[in-house]
Amino acid sequence: MSTNIAFIGFGGVGQALARLLKERKSSLSSNYGFESKIVAVTDVMKGSIYHPEGLDVDQLLHVVEETGKVEDYPQTPGLIRGWDSFETIKKSNADVIVEVTFTDVETGQPAIDHIRSAFENKKSVVTTNKGPVALAYNALAKLAEENGVFWGFEGTVMSGTPALRMPVTTLAGNEITEIKGILNGTTNYILTEMEKGKSYEEALEKAQSLGYAEADPTSDVEGYDARYKTAILANYLMGAPLDANEIYCEGITEMTMDKVKDSVDNDKKWKLLSRITRQEDGTVTASVQPELVDVDDPLAGVTGATNAILYECDLSGPILLTGAGAGLTETGYSLLIDIIHFHRQSALTKIEGG
Ligand SMILES: NC(=O)C1=CN([C@@H]2O[C@H](COP(=O)(O)OP(=O)(O)OC[C@H]3O[C@@H](n4cnc5c(N)ncnc54)[C@H](OP(=O)(O)O)[C@@H]3O)[C@@H](O)[C@H]2O)C=CC1
Ligand SMILES: N[C@@H](CC=O)C(=O)O
């Protein structure tokens with residue numbers, strides 16, 4: 001059976017996933033027995049289209065590239081235009097909603113309401129939007145379970161690098177006592193470029209043009225994006241109901257060329273580090289701030305938009321995972337990982353249900 005997919009938001013990451021679904025169509029079918037159709041796309045400025053039989057992905061990507069509007073998709077019998085995000089979630093025949101609107105660091109909206117509405121309408125969700133997971137993880141996970149639907153959010157931390165599923169599945173049985181990492185690609189890119197002599201402003205501009213930065217890059221440079229990811233790790237991996245706003249947070253806006261040069265001259269590097277620690281009394285504390293690391297520390301060698309995360313595990317010892325932390329294809333890929341897991345889980349449910 002084919003899976004129907006609807007996109008809420010169709011910016012860089014959404015388009016990257018659409019491209020991957022098209023390019024990997026035949027290997028997804030032969031390797032996993034996975035078939036899919038994109039039935040709807042809804043976006044604020046680009047407009048909205050829905051076809052219950054599926055859209056032509058080549059044409060969809062072509063019109064967005066040419067005119068910037070999905071609404072310029074050619075009229076075909078049965079095509080509906082103009083549905084907003086909630087109409088698309090409720091009225092379309094989608095099985096999976098891909099929530100890829102911008103991350104709002106204050107409220108997590110409208111993404112939280114999108115996901116809630118999807119679950120209430122028995123639709124599964126995959127998302128890279130950090131707001132709902134950082135601010136409403138417990139409530140939304142419960143709602144997904146009550147409605148028997150899947151919720152995937154692998155890309156919310158370290159894009160397509162499996163920072164969430166790997167510890168839960170492969171490191172199962174360990175107790176994770178501390179997590180430390182570089183969790184924001186934009187700021188790591190800026191710090192690396194400053195080490196090479198580029199100004200803060202130039203480096204930020206380049207990070208924006210490469211698709212690493214948030215729609216409002218304040219979120220990256222002030223550390224709010226890393227704080228959200230830190231909250232996700234604390235809640236999801238360490239079972240600590242830590243509110244993102246309780247996490248001490250300091251960004252890199254005060255970083256100067258002199259400070260960066262000084263660190264390099266002293267065999268050290270500035271890194272925006274997230275730390276989550278289980279204290280002896282069982283409580284969990286967390287922080288995000290620039291820290292100086294020795295040049296021979298494994299985290300010092302993590303440059304550009306690459307991220308890294310170190311899990312201190314009581315049985316296996318420390319495990320270091322490093323990979324892309326941002327990027328359109330990488331983040332689109334994280335959604336593909338979630339969709340493959342959705343497909344596997346649906347197949348298992350069918351087998352168990354007879
Ligand atoms: N880029 C990256 O490397 C990574 C991104 N993420 C997250 O993935 C998500 C998507 O990122 P990205 O594609 O780069 O961001 P973009 O800003 O390129 O895309 C977001 C899209 O969502 C649309 N949108 C905003 N509000 C609504 C709404 N209410 N209904 C429908 N559409 C809406 C925007 O419309 P318009 O512009 O037309 O107003 C825009 O097209 C973000 O939450 C981001 O934090 C996570 C990991 C890495
Ligand atoms: N803006 C973020 C994108 C991924 O979450 C980053 O730079 O890491």
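User: How many residues of domain 1 are in contact with domain 2?

Analyst: Two residues are in contact if their C-beta atoms, placed from the backbone, lie within 7 Å. Here, 16 residues of domain 1 are in contact with 22 residues of domain 2. Helix α6 (residues 130-146) gives the largest share of the side of domain 1 that touches domain 2, namely six residues. Helices (H or I, at least four residues) and strands (E, at least two) are DSSP runs, numbered from the N terminus. By class, that side of domain 1 divides into eight nonpolar, five polar and three charged residues. Ala, Val, Leu, Ile, Met, Phe, Trp, Tyr, Cys and Pro count as nonpolar, Asp, Glu, Lys and Arg as charged, and the others, Gly among them, as polar.

User: What kind of model is this, and how are residues, chains and ligands numbered?

Analyst: This is a predicted model, in which local features need pLDDT of at least 70 and side-chain atom pairs count only at pLDDT 80 or more, while totals for chains, interfaces and linings use all residues. Residues are numbered from 1 along each chain as its sequence is written, and chains are lettered from A and ligands numbered from 1 in the order in which they are written.

User: Which residues does the UniProt annotation "domain: Homoserine dehydrogenase catalytic" cover?

Analyst: UniProt positions are given in the numbering used here, feature names are shortened, and annotations may be inferred rather than shown by experiment. The annotation, from an unreviewed entry, covers residues 163-340. That span is 38% helix and 26% strand, and its end C-alpha atoms lie 17 Å apart.

User: Why does the radius of gyration of the protein agree with a compact globule?

Analyst: The radius of gyration is taken over C-alpha atoms, and the globule rule is 2.2 Å times the number of residues to the power 0.38. For 354 residues the rule gives a value near 20 Å, and the protein has 21 Å, which agrees. The C-alpha trace spans about 65 × 45 × 35 Å along its principal axes.

User: Is glycine 14 buried or exposed?

Analyst: A residue is buried if 20 or more other C-beta atoms lie within 10 Å of its own, exposed if 12 or fewer, and partly exposed in between; C-beta atoms are placed from the backbone. Glycine 14 counts as buried because it has 26 C-beta neighbours inside 10 Å. Glycine 12 has 16 such neighbours, so glycine 12 counts as partly exposed. Glycine 12 is found in helix α1 (residues 12-23), and glycine 14 is also placed in helix α1. The UniProt feature "binding site" (unreviewed entry) includes Gly12 and Gly14.

User: Why does helix α2 lie largely in the open?

Analyst: Helix α2 (residues 25-32) has eight residues and the number buried is zero, so α2 lies largely in the open. In the protein, buried residues make up 45% of the 354 residues.

User: Which residues are around ligand 2?

Analyst: A residue is near a molecule or strand if its C-beta atom, placed from the backbone, lies within 6 Å of it. Around ligand 2 the residues include Ser159, Asn184, Tyr212, Glu214 and Asp220. The shell has three nonpolar, five polar and three charged residues.
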